[in-house]
Every structure is written in structure tokens, then in C-alpha cells.
Amino acid sequence: MGPGMHRGCERFGSDMTGLWVVLGVLGVATVFGLWFQRSSGRIREARDAGPSPALTGVVPAADDDPPVDIEADAPTPAVAALAAALEGRMGERATVVQFSSAFCQPCRATRRILEEVTVLVPGVSHVEIDAEDNLDLVRALDIRRTPTVLFLDSQGTVRKHASGQPRKADVIAALGDLMPGSPDFEI
Amino acid sequence: MSSTIDRTSAGAGDCTREQVDPRGPRFGGAVTTVVLAVALVLVGTPAGFVLIAWQTLVFALGALVGLQAQPYGIVYRRLVRPRLTPPAELEDAAPPRFAQAVGLVFMVIALIASVLGVPVVATVAIAFALAAAFLNAAFNFCLGCEMYLLGARLRAR
């Protein structure tokens, strides 16, 4: 094998490396993108997701603990911070809280959807919070993306949440779950 | 706009922000994907270096001057948009411009690595930029924007 041929093989080898990197990146990105499209904006029960104990304010008690009255429990820092941020802006029957930031593509569309729905449904308010201006609250609630949408019941408890832009029909359905038996809520 | 704007309500100052046709940045992402894919295959060759330098310049114009100066955006506005229906809605220019800045960081690393003769580093940097551009074009996913809040949470504790 002559030196010229060896160099030729090396050239060929590096070209193939680049091609494999391209195919690998596009493959991984496609899998990630499909997962992102499926999961983004899906409205979940607050208890099912990671930050649920902090969000719901219900701290699971150990078996040997004396029975505690949930009502009398001191609220977790996350619950207290959220309550403080929403003071005076809670809806009578439900509150939809949207966390937004400056570099957020879907925040505008999310705002439009939530405003349309909350105008439609009486007793529900839409509160938009700038995530960057409220980083302590964002950390307390473990919010990682914008938009993140929290659905609070009339008591101010986070019942559902979505990260990414939720669909309008899902928002309506989620509010229906939060406010059972509301006769004036028929769409 | 006055001091009555409630800073906890991000929507308040919206009407003053620059707006763009959201299909423009996605078109740019598609062109960028092709350019970076070819650049990855050609890393270590003169043609590859030219492509890396070109894409670095494109990102620099988009991030530092603005989207109106981004070459692929100009192509979109001059040649593509006239053939399409008007956009259903506009979006803020800030997120796609931020994405250009993220791309610029990767491509500056790739450019420096190419000059210093470290093709592995150049390849990895271009691979990240390619992933971001492809996600933007194919799925409308802005990688830099999604990372932004996590970054903001880390700083200023």
C-alpha cells in the first residue's frame, strides 16, 4: 500500500465521518422533535408530574406521623409564593396562569388562546407572569420552559399544568374538569 | 407606552415589538440545515471552510444587525413570500434573533477550530448548530429559546 493510497483512504474516511455525523444528528433530532410535538402543550394532572407535591401543596405524610389536618398545614414555599404573586388577580372559579419570557415563540399564541377562553368562560381569569422577572417563583414551582400554563381551582390549588402551547379544546376541557357542574359553561 | 406597564404581564408592551412572518425563520432554518450538512461532510477541506465562514457571517448579520439583514431572510422576503399567502399571524422578532445568536456561538467555535486545525471540535460545534437549525425548520422548535429560561434560572441566584 503506497503512501498516496494511504492518504486517499484517510480522505475518504473523514468524508464518511462527516456524513455519518449528519445522518446521526438528523436522526436523533427527528426522534426528539416527534416526541416534542407529541408532549408539548399536553395538559397533565398536577399530581402526575415531577413538581406535583410542591404545586398541589399536599405533602405526603409518613405512616407513623400523627394524622395532620391538611387545611391547617402551613403552605409550602411554592404555594405561598404563587399565592403572593396572584394576590388580587385570582378568578372567582378558576385561574389560568401563564409563564412567559422574551425569547418565547409560542407565548403569543398561547396568550391569545387563553384570553379567548377566559373571556368566554365567566369567573375564570388569565394571569400572565414574566418568568425572568419572577425567577424565585419560577424556581419554587420548578418551571423549566415558557410557556408553562398552570390551571388553579377556586381555592388557588394547582390542579393541572402544561408546558408548551396547549390546544384551545384542551384548555376548555381542563377548565370543565376544574369546575364540575357549572351550568353556564357549555361550549 | 408608559410606566403603567405591569412588568409581571409580559404581553403589555407587545405592540411596540418588531414582528416577523414566522415562516421566514423556518425557511432560513431549512437553508441553514442544508449548508451545515454539506459543511459537516466537507470539514477539513477549503470548501468546508468557506461554508463555515459563510454561515458564521449569516448568523452574525442576523444576530448583531437584525433579521432584516439576515441573507436567507432577505431571500425569503424577495423570492418566497411574494408567492405565498399572507401569514396567518406574525411573531416577535426576538426569539428567532436569539436563535441566530445561539447559532453564531456554535459557528464561531467551528470557525476558530477550523483555523487552528482541530476538525473534531469543528465537527461537534457544527453538529449542534445543525441540530438546532433542523429542529427549527422541521418542528418549529427553537432550541436556544427553550434553553433560555433554564439559563436564566442558573444565573442570578
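## A residue between two chains

Leaving aside neighbours within four places in sequence, T123(B) touches V21(A), L40(B) and V43(B), where contact means heavy atoms within 4.5 Å. T123(B) sits in helix α5 of chain B; helices here are DSSP runs of H or I of at least four residues, strands are runs of E of at least two, and both are numbered from the N terminus. At 16% relative accessibility T123(B) counts as buried, a word that means under 20% relative accessible area, with exposed over 50% and partly exposed in between (1.4 Å probe, protein chains only).

A word on the model: it is predicted, so local features need pLDDT of at least 70 and side-chain atom pairs count only at pLDDT 80 or more, while totals for chains, interfaces and linings use all residues. Residues are numbered from 1 along each chain as its sequence is written, chains are lettered from A and ligands numbered from 1 in the order in which they are written, and side-chain values use heavy atoms, leaving out hydrogens and water.

## The interface

Let us step back to the whole contact. Chain B brings 42 residues to it and chain A brings 40. Together the two chains bury about 3,700 Å², 58% of it on carbon and sulfur atoms; buried area is the accessible area (1.4 Å probe) that two parts lose on being put together, summed over both.

Between the chains there are 9 residue pairs in polar contact, both residues at pLDDT 80 or more. Such a contact is a pair of N or O atoms within 3.5 Å; within protein, one must be able to donate a hydrogen and the other to accept it, and residues adjacent in sequence count only if both atoms are side-chain atoms. On the side of chain B that touches chain A, α1 (23-41), β2 (91-92), α4, α5 and α6 (143-154) each supply at least two residues. The largest share of that side, 8 residues, comes from α5(B).

## Salt bridges

The interface holds 3 salt bridges, each a side-chain nitrogen of Lys or Arg within 4 Å of a carboxyl oxygen of Asp or Glu. One of them pairs R145(A) with E146(B), with the closest N and O atoms 2.7 Å apart. This pair runs from the loop between α5 (135-140) and β4 (148-153) of chain A to helix α6 of chain B. R145(A) is buried at 18% relative accessible area, and E146(B) is buried at 9%.

R112(A) also reaches across, to E89(B), at 2.9 Å between the closest N and O atoms. Within chain A, K168(A) bridges to E116(A), again with a closest N and O distance of 2.9 Å. Helix α6 (residues 168-178) holds K168(A) and helix α4 (residues 107-120) holds E116(A), 52 residues apart. Shared partners join R112(A), E116(A), K168(A) and E89(B) into one network.

## Inside chain B

I52(B), in helix α2 (residues 46-65) of chain B, is buried at 2% relative accessible area. Beyond its neighbours within four places in sequence, I52(B) contacts A39(B), M107(B), A110(B), L111(B), S114(B) and I126(B). The C-alpha atoms of I52(B) and L111(B) are 6.3 Å apart, although 59 residues separate the two along the chain.

## Chain A in outline

Chain A has 6 helices and 5 strands, in the order α-β-α-α-β-α-β-α-β-β-α from the N terminus. Of its 187 residues, 43% count as buried.
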